[in-house]
Amino acid sequence: MKPSERIKELGLVLPPAPPPAGLYKPVLVVDHFLYISGQGPMKNDGSLIIGRAGHDMTMEEAKVAARQVALTMLSTIQTHFGDIDKIKRIVKTLGMVNSTPDFGQQPLVINGFSELMADIFGPDNGVGVRSAVGMILPGGIPVEIEAHFELHH
């Protein structure tokens, strides 16, 4: 099943693609790879989810925010690249979690993103290499994720 068909089958609603918050390209194609700049958790009304894991947000709430980042990234891909069905697989994910120093569940938070990618692109093509780290993020968002995808030739 094509990724676009899977998005419809899952009943996913994509938020608006966020405008760039600095001097960078939201997406860039080099050879057969699609690079996506860091995305935050955009809600359907255009606002961002705000919070800090381990402080005012639980691991489960942060995981939901990471899933929302996946939806935001799909919206960015459709808006700035076009046909999501041109994507063959996810290659690499860098997941950043705004968390307190004693919060150690960053990989579980980023699973919110990774699980949705696996649901859309399949158990093989939807799972790539990944890093999940804790840090301070701009605007108080709980999660920011950047990703690299391989395109069909």
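Which strands does helix α2 lie across? Select residues 59-80, and you will find helix α2 lying across β1, β2, β3 and β5, at about 45 degrees to β5; axes are lines fitted to C-alpha atoms, for helices over the stretch in contact (heavy atoms within 4.5 Å), and angles run from 0 to 180 degrees between N-to-C directions. This is a predicted model, in which local features need pLDDT of at least 70, side-chain atom pairs count only at pLDDT 80 or more, and totals for chains, interfaces and linings use all residues. Residues are numbered from 1 along each chain as its sequence is written, and side-chain values use heavy atoms, leaving out hydrogens and water.

Next, colour the strands: the open sheet has five of them, in the order β1-β2-β5-β3-β4 with mixed pairing, where two strands pair if DSSP finds at least two bridges between them, and helices (H or I, at least four residues) and strands (E, at least two) are DSSP runs numbered from the N terminus. The edge strands, each pairing on one side only, are β1 and β4.

Start at residues 27-30 and 33-39, where β1 and β2 run antiparallel with four bridges and form a hairpin whose turn includes D31, with a positive phi of about 55 degrees. Select F33 here: V30 stands opposite F33, and in β5 the bridge partner of F33 is E150.

Move on to T93, which stands opposite A147 in β5, where nine bridges join the antiparallel strands β3 and β5. Finish with residues 87-98 and 129-135, the strands β3 and β4, which pair in the parallel sense over seven bridges.
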